[in-house]
There are 2 protein chains.
Amino acid sequence: MEELTERQKQILQTIIEDYIVSAIPVGSRTLSKTIALSSATIRNEMSDLEELGYLEQPHTSAGRVPSQKAYRFYVDHLIPMTQLSLSEIRYLRAYYDKRIGQTGEILSDAARVVSELTQYVSVVTPPRVSGVKVSSIQLMPVNRITAMVVLLTDTGMVQNTPIVLPRSVTPDELLSMSGLLNRLFAGKNVSEIHPGVQYAVENEIADQKQIFDTICAVLEARLESEENRVVVEGASKMLAHQEFSDVEKARAFLQLLEENDKLGELVNEGDGRVSVRIGTETGLNDMSIVTATYSAGNRHLGRIGVIGPTRMQYDKVLSVLEQVGQTLSEIFSKQEEDDHEEK
Amino acid sequence: MEELTERQKQILQTIIEDYIVSAIPVGSRTLSKTIALSSATIRNEMSDLEELGYLEQPHTSAGRVPSQKAYRFYVDHLIPMTQLSLSEIRYLRAYYDKRIGQTGEILSDAARVVSELTQYVSVVTPPRVSGVKVSSIQLMPVNRITAMVVLLTDTGMVQNTPIVLPRSVTPDELLSMSGLLNRLFAGKNVSEIHPGVQYAVENEIADQKQIFDTICAVLEARLESEENRVVVEGASKMLAHQEFSDVEKARAFLQLLEENDKLGELVNEGDGRVSVRIGTETGLNDMSIVTATYSAGNRHLGRIGVIGPTRMQYDKVLSVLEQVGQTLSEIFSKQEEDDHEEK
DNA sequence: TGTTAGCACTCAACGTGCTCGAGTGCTAAT
DNA sequence: ATTAGCACTCGAGCACGTTGAGTGCTAACA
């Protein structure tokens, strides 16, 4: 690919940044005010940039609009390192210092912060089972044939699942079953739970194995389905952006936001610590998805992201996500440390 | 208030039902096709109805549009008893027969069904603490100074809350604390949990009282905040209705749907087994809210509702909500029965 | 050789005036 | 009491001209 001259880069960057805030095609006159060149010169350069595929013209007598390729070039080479403003950092800290609560709340708080700071829709995927370890498991009786399984993880997450047992069971049996489950799975990865796990039996009777398998099966299914849950915040903000003034487009997008599985996949598809997918790279039309990971220690847990029109404030979004992803990681890692400290 | 003649009622009903599906002002010509009267006669009647406040004219040469008063009259006197279609009933049953799972899932399933069948946004408020009884309480150690409180209710709901204790506590202490909590609160209303509850102590030391109070305080706060959670489904459907073709209106509504506390209040404000609030009665502009209760036995738990434009298919919405509310009640009551059966 | 001024050209956006038709109210006839 | 007829109203939709932002090209200039 041909190298762009410094001047071309400057012009391209100015066009992109102008267009990102104004959403109207930018013309040579406008640019000549920011850049010390005559409009004619700029026209020539723009013409070249168009030929190279960085700019597009909606119609003959309109200004130029950055192409997908331009955005890609922008985030790869031109993006300025944005510092969050002091007030923004303070805003983030306010959440960070909050008591450590329920995982679900932490995630939706994080999403709300991101959405608020960026003015785009924010999506978070919950911790993946493969990244989380069992801290303890407890069975609680509900009625004769139903029990509640409460699973506690090292990241401070709780998962409770009602289980209908194959036969009626006494509280004592449940207790010993709890003990068994703990001996088997405590400290292991949550993903290792599935029926058929072999364990050294001393004096168990055959149908206890059946109960054990039932519990594992239900638990496994539940954890897996839990993985598909996603948290969405700030959906109303999308309508503030021009590209959704067409109601049909807005409806389609809103519907996407309601399809949790698809949305979760979309967010998790990002790779690397931060990932920027632009336009068709997302598989969606005229949409961009920026995501960052969060983790506990060095175990990858999930991703937090922003989804919006291709014309997106990439610099702002990137710095916010980077910051929030890091904060989330700190929170989850802290929880883990507390655990170790205990031992 | 003046009584309407049978003919006026018929005309009014036809206008309303026509307008509900078409959303365009209905004229006398159109009506004369459905009703065996000349357009002129109908015009006279319409003129009278307008004077009585049942109809409105957007402008001189447009048809008539039903007023809020007309809708109110419609749901109170004219509404036909809609039977759900066979396929709809089958659809409902499919959900009803589903395994009884997590409360949250039941509620969001219910909301999704309502939204799907009515094509409006559906909102559910979770069971109120005052309607729910403690089944059992369990404390699980997380680390030295943190424990997880797992509260099981008679409606099969689970509530888990992390609690940071005032001092480090041994698992044995937690166990005895669990026992105490169970003795005190099992079978009682969840709402009776708060710090400072007096209990007959045998050999408890002073600071155990402090731990006890901490647990109760956090639990109480948590349960209260949990009450404000609402489930919203089908938000994207709102955009299909004409009254939201104005993006600004759509945005405002979408934002309302994200303000959980306000939304919950709005839904819970309904009274009676089913409640229909129209237009300004809701406190919102040009919106209607239809809600139905669901309960366990005779204890009121929460409400499920539909929120949409004043021009709403009241008959359809009413029958769906009535049905789903009843189904929800059956589910939650069943859970309760199982409990009693156990004893 | 790169930059700039000037000019003709293009085209969406906007405003104006026009027609069309759905709908009304009124009056007079049935 | 109902209906037919007619004049009137007014938004929707279309044609048309104007405006202005923006372009490409050419020729002059440093």
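Q: Is Tyr54(A) buried or exposed?
A: Tyr54(A) is buried, because its relative accessibility is 2%, under the 20% cut-off. Keep in mind that this is a predicted model.

Q: And how many aromatic pairs are there over all chains?
A: The structure holds 10. One of them is Tyr54(A) with Phe73(A), an edge-to-face pair with 5.6 Å centre to centre and 65° between the planes.

Q: Where in the chain do those two sit?
A: Tyr54(A) is in the loop between α3 (39-51) and β1 (55-56) of chain A, while Phe73(A) is in helix α4 (residues 68-78). They're 19 residues apart, so the pair links distant parts of the chain.

Q: What about Phe73(A), buried or exposed?
A: Buried, with a relative accessibility of 12%.

Q: OK, what's the geometry of Phe185(B) and Phe212(B)?
A: That aromatic pair is stacked, at 6.4 Å centre to centre with 5° between the planes. Phe185(B) belongs to helix α7 (residues 171-185) of chain B and Phe212(B) to helix α8 (residues 206-227) of chain B, 27 residues apart. Both Phe185(B) and Phe212(B) are buried.

Q: Switching to charges. How many salt bridges over all chains?
A: There are 38 salt bridges over all chains. Among them is Glu116(A) with Lys237(A), at 3.4 Å from N to O.

Q: Which parts does that pair tie together?
A: Glu116(A) lies in helix α6 (residues 103-118) of chain A and Lys237(A) in the loop between β7 (231-233) and α9 of chain A, so the bridge ties together parts 121 residues apart in sequence.

Q: How accessible are the two partners, Glu116(A) and Lys237(A)?
A: Glu116(A) is partly exposed, with a relative accessible area of 36%. Lys237(A) is buried at 15%.

Q: What does Glu269(A) pair with?
A: Glu269(A) forms a salt bridge with Arg277(A), and the closest N and O atoms are 3.7 Å apart. Glu269(A) is partly exposed at 48% relative accessibility, whereas Arg277(A) is buried at 10%.

Q: And in chain B, what does Arg273(B) meet?
A: The side chain of Glu322(B), in a salt bridge of 3.1 Å, N to O. Arg273(B) lies in the loop between α10 (260-268) and β8 (274-278) of chain B and Glu322(B) in helix α11 (residues 314-342) of chain B, so parts 49 residues apart in sequence are tied together. Glu322(B) is partly exposed at 31% relative accessibility.

Q: Now the interface. How many residues are in contact between chain A and chain B?
A: 37 residues of chain A are in contact with 38 residues of chain B. The two chains bury about 3200 Å² between them, with 58% of it on carbon and sulfur atoms. Met140(A), Ser236(A) and Leu239(A) supply 17% of the area chain A buries against chain B, more than any other three residues.

Q: How many salt bridges run across the interface of chain A and chain B?
A: The rule finds two. Glu105(B) forms a salt bridge with Arg222(A), where the closest N and O atoms are 3.0 Å apart. There's also a salt-bridge network linking Glu105(A), Arg222(B), Glu226(B) and Arg229(B).

Q: And how many residue pairs are in polar contact between chain A and chain B?
A: Eight, counting pairs with both residues at pLDDT 80 or more. By class, the side of chain A that touches chain B has 16 nonpolar, 12 polar and nine charged residues.

Conventions. Residues numbered from 1 in each chain as written. Chains lettered and ligands numbered in written order. Predicted model: local features only at pLDDT ≥ 70, side-chain atom pairs only at ≥ 80, totals over all residues. Heavy atoms only, no water. Contact = heavy atoms within 4.5 Å. Buried area = accessible area lost by both parts, 1.4 Å probe. Salt bridge = Lys/Arg side-chain N within 4 Å of Asp/Glu carboxyl O. Polar contact = N/O pair within 3.5 Å; in protein donor to acceptor, adjacent residues only side chain to side chain. Nonpolar A, V, L, I, M, F, W, Y, C, P; charged D, E, K, R; others polar. Phe/Tyr/Trp six-rings, centres within 6.5 Å; stacked < 30°, edge-to-face > 60°. Helix = DSSP H or I, 4+ residues; strand = E, 2+ residues; numbered from the N terminus. Buried < 20%, exposed > 50% of the residue type's maximum accessible area, 1.4 Å probe, protein only.
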